Amino acid sequence: CRGLVHRTMQHFSDHRFHQQIQDALSSLRKVLTTTRNPVVCEDVPHSYADKYSLAEFLTNLACASQLNVLEALGLDDGKLRKLLSAVAKDHSHTTIKLITTETCTFDREVTREVESKSKTVSDSTLFGRSETKVVTQVTEFFWKFFIVYEVVIETGGTKVVLQKRTGSCELQSTTKVSPRPAVVERPVVRASLTWLLSQICLPELNLRFTIDREAEGCRTPRRNEQVEEALRSATELQQWSGEVSHYFIEILERSRAWLAAVWGNEGDAGNEARLDMGSVSGRGIFMPVLALFEPPSGATDAGADAATDAATDAATAIAPETTPDSANRHSLESLGLISIAASPPESSSPLLRLGDIQQFLALQRQTIHEKSKQLSATFPRAEPNRLGTVAEATLSAICLHLGQVLQQFSDGVQYIEEMLRRQLVAAVGREISPADFELYMQHHNARLYKPEHAPRPFCFAVRRPEHFPEGTISIEAQLCDRRNEPAEPIHTISR
């Protein structure tokens with residue numbers, strides 16, 4: 001399980017990105033109609049403006065996915081509106097925190113007798129055969145280990161509690177020395193939610209992320225201030241989710257070992273099998289942040305799809321495809337805490353429709369619920385006298401999923417940049433290096449200037465009048481892509 005915890009954003013991996021897309025498409029095919037065929041963006045002809053629309057699409061999806069996760073942690077409509085109202089009033093920063101306190105107190109002392117496994121047999125003509133065993137008196141000390149934790153969101157003087165629980169387990173030692181410190185106040189794990197909440201508009205609770213394409217600092221769909229802010233927020237929140245999941249996975253693993261020791265003495269070691277650590281992961285939860293386009297269809301299909309999309313956009317959701325187990329599924333039409341306010345894409349745009357967004361988010365909520373049910377069947381119930389329960393397992397799994405969502409968002413916008421770069425290289429025919437620009441400028445200057453005025457290498461002899469040169473002075477440059485070649489003088493205009 002620990003190998004799944006990433007506390008920092010990883011660099012873009014083309015293989016990891018495409019694998020996530022293929023896994024998600026496998027899940028989507030179960031709910032999309034057979035006429036729908038979303039594919040990876042690079043396989044669909046599109047314009048440069050479509051790349052900006054895709055970056056906005058991914059960012060809005062990432063924001064909505066994060067709010068789905070917060071909803072699974074305990075955020076509801078009332079709490080969200082309370083936070084947004086406080087932010088609008090005070091303009092204060094918003095922070096999500098994990099606050100944890102651990103205590104260990106003495107419970108009882110137990111003395112018991114333990115018989116040795118070996119025995120001594122003696123034969124006597126007078127008393128016959130006799131058996132003796134060595135009995136050892138063992139004193140054991142039992143301790144109550146408590147963990148009190150809460151996940152809260154604070155902004156200014158407003159605080160909402162997402163989760164709060166006290167769990168305990170029994171520790172055992174052979175001496176009257178506490179196996180854990182008496183009181184430990186864990187450092188608060190925190191991350192900013194200021195940017196995320198700033199993307200939500202009241203009173204409709206709409207997400208309206210857009211890129212200012214006319215801004216002076218806007219370079220590409222990936223390199224602009226709006227996406228940079230989104231990535232900074234995602235990086236900080238991913239670090240928070242990684243630290244939270246790492247802490248509770250450690251608690252789950254330790255509680256399994258502690259309980260195994262106690263159960264072993266009581267002859268109930270079979271309960272250890274209930275703590276299936278392999279199920280504490282983000283596997284099985286749908287990843288909604290997908291960089292997908294849909295290729296254009298034929299005229300007949302296009303007309304049908306347009307009518308379907310118009311009806312879908314009006315309803316803001318797509319009805320799920322009927323399946324044999326649809327009665328056991330949660331409705332995919334649930335919109336969750338927020339909706340995405342997006343203008344319908346042009347008919348020629350390959351961008352997915354608003355109804356698809358709502359379906360992605362509903363499928364994410366559904367699979368989070370199914371993951372919780374799976375963990376409920378594997379871990380003990382969240383009772384006050386238990387630690388390492390379904391509450392800690394679910395919290396860990398949801399935080400792991402949050403980290404994966406944020407990683408996929410980072411990969412998605414970086415994928416746009418990589419796709420743009422590959423297309424530029426294909427259009428030019430090869431990669432252009434600084435050495436190529438240098439050769440081009442020398443060729444251009446030779447055509448632009450007369451020979452006597454053209455830039456020349458800055459390399460001059462140092463000598464006294466009527467004497468041979470005593471040396472040279474030059475300004476040289478080493479091109480980064482020609483490190484194995486000697487440095488050459490730069491070309492300048494000199495008098």
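**A sheet, its cores and its surface**

Author: The bridge partner of Cys201 is Asn206, which lies in strand 8. Before we continue, please note that this is a predicted model, in which local features need pLDDT of at least 70 and side-chain atom pairs count only at pLDDT 80 or more, whereas totals for chains, interfaces and linings use all residues. Residues are numbered from 1 along each chain as its sequence is written, and side-chain values use heavy atoms, with hydrogens and water left out.

Reader: How many helices and strands are there in the protein chain?

Author: Helices (H or I, at least four residues) and strands (E, at least two) are DSSP runs, numbered from the N terminus. In the protein chain there are nine helices and 16 strands.

Reader: How do strand 7 and strand 8 pair?

Author: Two strands pair if DSSP finds at least two bridges between them. Strand 7 and strand 8 (residues 206–207) are antiparallel, with two bridges. They belong to an open sheet of three strands in the order 7-8-10, where the pairing is mixed. Strand 7 (200–201) and strand 10 (339–340) are at the edges with a single partner strand each, so one side of each has no neighbour in the sheet.

Reader: Where is Leu202 placed, and which residues does Leu202 touch?

Author: Leu202 is in the loop between strand 7 and strand 8. Contact means heavy atoms within 4.5 Å. Not counting residues up to four places away in sequence, Leu202 touches Arg81, Leu84 and Ser85. Leu202 and Ser85 are 117 residues apart in sequence, yet their C-alpha atoms are 8.5 Å apart in space.

Reader: What share of the contacts in the protein chain join residues at least 24 apart?

Author: Of the contacts between residues at least 6 apart in sequence, 78% join residues at least 24 apart.

Reader: How much of the protein chain is buried?

Author: Buried means under 20% relative accessible area, exposed over 50%, and partly exposed in between (1.4 Å probe, protein chains only). Buried residues account for 41% of the 495 residues in the protein chain. Leu202, with a relative accessible area of 38%, is partly exposed.

Reader: Which residues have the most contacts inside the largest nonpolar core?

Author: In soluble globular proteins, nonpolar side chains tend to be buried together. A nonpolar core is a set of buried Ala, Val, Leu, Ile, Met, Phe, Trp, Tyr and Cys residues joined through side-chain atoms within 4.5 Å. The largest one here has 97 residues, and Leu28, Ile96 and Trp240 have the most contacts inside it. Helix 2 (residues 48–73) gives the most to this core, namely 13 residues. Another core, of ten residues, lies apart from it and includes Leu252, Ala393, Ala397 and Leu400.

Reader: With which residues is Leu28 in contact, leaving aside its neighbours within four places in sequence?

Author: Leu28 is in contact with Phe286, Leu290, Leu292, Phe360 and Leu363, when those neighbours are left aside.

Reader: How many salt bridges are there, and which parts of the chain does the pair Arg16 and Asp411 link?

Author: A salt bridge is a side-chain nitrogen of Lys or Arg within 4 Å of a carboxyl oxygen of Asp or Glu. The count by this rule is 21 salt bridges. In one of them, the side chains of Arg16 and Asp411 meet at 2.9 Å, N to O. This pair links distant parts of the chain, since Arg16 is in helix 1 (residues 14–28) and Asp411 in helix 8 (residues 390–428), 395 residues apart. Arg16 is partly exposed, at 22% relative accessible area, whereas Asp411 is buried, at 1%. Elsewhere, Arg36, Glu294 and Asp356 are linked in a network of salt bridges.

Reader: Is Phe437 buried or exposed?

Author: Phe437 counts as exposed because its relative accessibility is 51%. Phe437 is found in helix 9 (residues 434–448). Together with Val428 and Ile432, Phe437 makes a nonpolar surface patch of about 300 Å². Patches are made of residues with over 30% relative accessible area and no salt bridge; like charges are joined within 9 Å, and nonpolar side chains (Val, Leu, Ile, Met, Phe, Trp, Tyr) within 5 Å. Accessible areas come from the Shrake-Rupley method with a 1.4 Å probe, and for residues only the protein chains shown count as cover.
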